[in-house]
Amino acid sequence: MNDASAKPAGPVLSSTERVNTLSHFHRAEIARMAGWRDRLDRTTNWAITVVAALLSVSLSTPSAHHGVLLFAMLLILLLLWIEARRYRFFDFYRSRVRQFERHYFAQIFSPQPDFASDWLLIVGEGLRAPKFLLSQRAALARRLRRNYIYLFLILLLAWVVKISTPSLQTAGVRTGFVGSLRDAVDSAALGPIPGVAIVIVVAAFYAALFAFAFFASDDDGELSFGDVHV
């Protein structure tokens, strides 16, 4: 037999060296996770700022076109896509931190026999060939469901108020709502595109958002279960 094949491929660590290595690695993974969490918060802050700014522009003066709110919806959709991509990175490093918490520290504080004894092998393979644990679709659905759906609803409410309130469209008009649904639909016109087409597009867009957020199947990533999640 070849004795070389029986030797361990990696360095042999003492118990002290092993604990120090795990502690430093855990600290580094927490720093990575916190960095991506900060980037997530920044994207959400951008989205809130965009919504607040464009709401102020659209509703503060009758000369502002309702298309400003439609443009805001597109911007928030773009920011949602960016945040979903960042969330996939955050989920990857968070999952690694949770492996340490569940399989290492939890075993110290509340030991269980033979609980995921090969978890370090999984961490090692993840270091050799990092792969996302969450699909872009699942990340989009999760961020939409937990954050962005509320921003979209605020924009939708503001858009409905804008097209249904004459005083928000023409200066000097008495405050109140339009006399009929047909008038509100006609007010939704965007250039040569008739109002009914715009209303249908917006309704279809929001129907797709709600279906995607609440009816699409979610991937089973780390921390997708339980009450504590992001």
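The structure is a predicted model, in which local features need pLDDT of at least 70 and side-chain atom pairs count only at pLDDT 80 or more, while totals for chains, interfaces and linings use all residues. Residues are numbered from 1 along each chain as its sequence is written, and side-chain values use heavy atoms, with hydrogens and water left out. The protein chain has six helices and zero strands; both kinds of element are DSSP runs, with helices being H or I of at least four residues and strands E of at least two, numbered from the N terminus.

**The chain as a whole**

- From the N terminus on, the order of elements is α-α-α-α-α-α.
- The protein chain has 230 residues, and 34% of them count as buried (buried means under 20% relative accessible area, exposed over 50%, and partly exposed in between, with a 1.4 Å probe and protein chains only).
- Of the contacts between residues at least 6 apart in sequence, 77% join residues at least 24 apart (contact means heavy atoms within 4.5 Å).

**Helices α1 and α2**

- Two packed helices are described by the angle between their axes and the distance between the axes.
- Helix α1 (residues 15–60) and helix α2 (residues 67–109) have axes that come within 9 Å and cross at roughly 165° (axes are lines fitted to C-alpha atoms, for helices over the stretch in contact, and angles run from 0 to 180 degrees between N-to-C directions).
- α1 and α2 are therefore roughly antiparallel to each other (angles over 145 degrees count as roughly antiparallel, under 35 as roughly parallel, 65 to 115 as roughly perpendicular, and the rest as oblique).
- The contact of α1 with α2 has 30 nonpolar, four polar and eight charged residues (Ala, Val, Leu, Ile, Met, Phe, Trp, Tyr, Cys and Pro count as nonpolar, Asp, Glu, Lys and Arg as charged, and the others, Gly among them, as polar).

**Helices α2 and α3**

- α2 and α3 pack at an angle of about 160°, and their axes are 10 Å apart.
- That angle makes α2 roughly antiparallel to α3.
- On the α2 side, the contact residues include Phe-92, Arg-96 and Tyr-104, and on the α3 side they include Trp-119 and Leu-127.
- By class, the contact of α2 with α3 has seven nonpolar, three polar and one charged residue.

**Helices α4 and α6**

- Helix α4 (residues 136–164) packs against helix α6 (residues 195–214) at an angle of about 145°, with axes 8 Å apart.
- Among the residues in this contact are Leu-144, Phe-152 and Trp-159 of α4, and Phe-205 and Phe-210 of α6.
- The contact of α4 with α6 divides into 19 nonpolar, no polar and two charged residues.

- Arg-37 lies in helix α1 and is partly exposed, at 31% relative accessibility.
- The C-alpha atoms of Arg-37 and Tyr-93 are 10.0 Å apart, although 56 residues separate the two in sequence.
- Leu-77 lies in helix α2 and is partly exposed, at 32% relative accessibility.
- Leu-77 touches Phe-152 and Phe-205, not counting residues up to four places away in sequence.
- Pro-130 lies in the loop between α3 (119–128) and α4, and is exposed, with a relative accessible area of 54%.
- From C-alpha to C-alpha, Pro-130 is 8.7 Å from Phe-92, which is 38 residues away in sequence.
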